[in-house]
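Please consult the display before reading on.

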Amino acid sequence: MHDDLVDHLTRSTPLSRGEALRVIQDVLAYFDETTEEVVRRRHRELQAQGLVNAEIFERIEADLKYRAVAPPELTLRQLRRIVYG
């Protein structure tokens, strides 16, 4: 899974292959959260820091603007058109 990225990380960082794979899996899981999951998680985290809802929801609103968005699902034909024009 993601061998090219694992190879890149092991060449460009002091991470071992196993460590690089765990980092990649952790990052992918982080960005795989739904919007609802992110909102609930961030609310719990910020509440645990002692913030009140007004501050929490303001921060969550700002955070959501920077979330990665998955690309639309592409058909094989669309993939071929990307490659071959």
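Buried means under 20% relative accessible area, exposed means over 50%, and partly exposed lies in between (1.4 Å probe, protein chains only). The model is predicted, so local features need pLDDT of at least 70 and side-chain atom pairs count only at pLDDT 80 or more, while totals for chains, interfaces and linings use all residues. Residues are numbered from 1 along each chain as its sequence is written, and side-chain values use heavy atoms, with hydrogens and water left out.

Q: Why is Glu33 called partly exposed?
A: The relative accessibility of Glu33 is 22%. This value lies between 20% and 50%, so Glu33 counts as partly exposed.

Q: What makes Glu33 and Arg67 a salt bridge?
A: A salt bridge requires a side-chain nitrogen of Lys or Arg within 4 Å of a carboxyl oxygen of Asp or Glu. The N to O distance for Glu33 and Arg67 is 3.9 Å, so the pair meets the rule. Glu33 lies in the loop between α2 and α3 and Arg67 in the loop between α4 and α5, so the pair ties together parts that are 34 residues apart in sequence. Helices here are DSSP runs (H or I, at least four residues), numbered from the N terminus.

Q: Is Arg67 buried or exposed?
A: Arg67 has a relative accessible area of 15%. This is under 20%, so Arg67 is buried.

Q: How do you know that the charged end of Arg67 sits over the ring of Tyr30?
A: The rule asks for NZ of Lys or CZ of Arg within 6 Å of the ring centre and within 35 degrees of the ring normal. The charged end of Arg67 is 4.6 Å from the centre of the Tyr30 ring, which is within 6 Å, and the pair is counted as sitting over the ring.

Q: Why is His43 called buried?
A: His43 has 17% relative accessibility, which is under 20%, so His43 counts as buried. His43 is found in helix α3 (residues 35-48).

Definitions and conventions
Helices (H or I, at least four residues) and strands (E, at least two) are DSSP runs, numbered from the N terminus.
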